[in-house]
Amino acid sequence: MNRVSGKLVVGISGSPRKGGNTDTLLAALLRGAAVAGVRTEALFLRDYRFSPCIGCEKCRELKTCGTFRDDMQRLYPVLEQADGLVLGSPTHNYNVTAIMKGFIDRLYPYYDFSADRRKWGSRLGGPGKKALVFAVCEQPTPENLGVTLPALALSFRALGFEIFDEWGVTGFFERATVLQDPGVMAAAATRGRKLAEALGKSV
């Protein structure tokens, strides 16, 4: 049996634009992962309606959001089943999109804090769970990605995922023009495959 069989990689697009470069790269990354034998599922945050976190902290006791009953309740179970995540966002004002930031903030219920709040752990990630994060920027130079990659990587590392790969893709704006660059598309498939293979090696 393939060592990767049974593993699930969930891809999450934070782009508000359907069929754009972020969606296109996410699809290529997941295809690469599927070649290695994992199951894949794509989620597009623009298809879900959820409120931003208001910092009420009810979730510290309830271990779930106690203020909003919205589409995050549909997303939580999928995330909990994932062995690997692929998270992508276009760069908006040197950062992740508003919908991606809102999504990340609503993962706060997964944190468990010590009594003095100095230490914390996460019930979402854990041993063997890995994430690949990527960002897409219109401008050609990497500095214009701003803090998009760190915003993704730091957030999901804190949630208990090993950040397997951070990938910045620059110089693309018009819808799906990344398809015109065979090198970038091939790189996406390779990175997705390597993520899946790494999951197969996890104990």
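Along the sequence, the protein chain runs β-α-β-α-α-β-α-β-β-β-α-β-α. That makes six helices and seven strands. Helices (H or I, at least four residues) and strands (E, at least two) are DSSP runs, numbered from the N terminus. The model is predicted: local features need pLDDT of at least 70, side-chain atom pairs count only at pLDDT 80 or more, and totals for chains, interfaces and linings use all residues. Residues are numbered from 1 along each chain as its sequence is written, and side-chain values use heavy atoms, with hydrogens and water left out.

**Overall shape and packing**

- The C-alpha trace spans about 50 × 45 × 30 Å along its principal axes.
- Of the 203 residues, 48% are buried. Buried means under 20% relative accessible area, exposed over 50%, and partly exposed in between (1.4 Å probe, protein chains only).
- Take the contacts between residues at least 6 apart in sequence: 77% of them join residues at least 24 apart. A contact means heavy atoms within 4.5 Å.

**Surface and charge**

- The protein chain exposes about 9900 Å², and carbon and sulfur atoms supply 53% of that area. The areas come from the Shrake-Rupley method with a 1.4 Å probe.
- There are 27 positive and 20 negative side chains, and the centres of the two sets lie 4 Å apart. Lys and Arg count as positive, Asp and Glu as negative; His and the chain ends are not counted. Each charge is placed at NZ of Lys, CZ of Arg, CG of Asp or CD of Glu.

**Arg-46**

- Arg-46 sits in the loop between β2 (39–44) and α2 (59–62).
- Arg-46 counts as buried, at 15% relative accessibility.
- A polar atom of the Arg-46 side chain lies 2.9 Å from the backbone oxygen of Ser-15.
- Leaving aside residues up to four places away in sequence, Arg-46 touches several residues, including Ser-13, Pro-16, Arg-17, Asp-23 and Ile-99.

**Loop residues with positive phi**

- Glu-57 lies in the loop between β2 and α2. Its phi is positive, about 70°, although Glu-57 is not a glycine. Glu-57 is partly exposed, with 29% relative accessible area.
- Tyr-94 lies in the loop between β3 (84–90) and α4 (98–105). Tyr-94 is not a glycine either, yet has a positive phi of about 65°. Tyr-94 is partly exposed, at 48% relative accessible area.

Key: A polar contact is a pair of N or O atoms within 3.5 Å; within protein, one must be able to donate a hydrogen and the other to accept it, and residues adjacent in sequence count only if both atoms are side-chain atoms.
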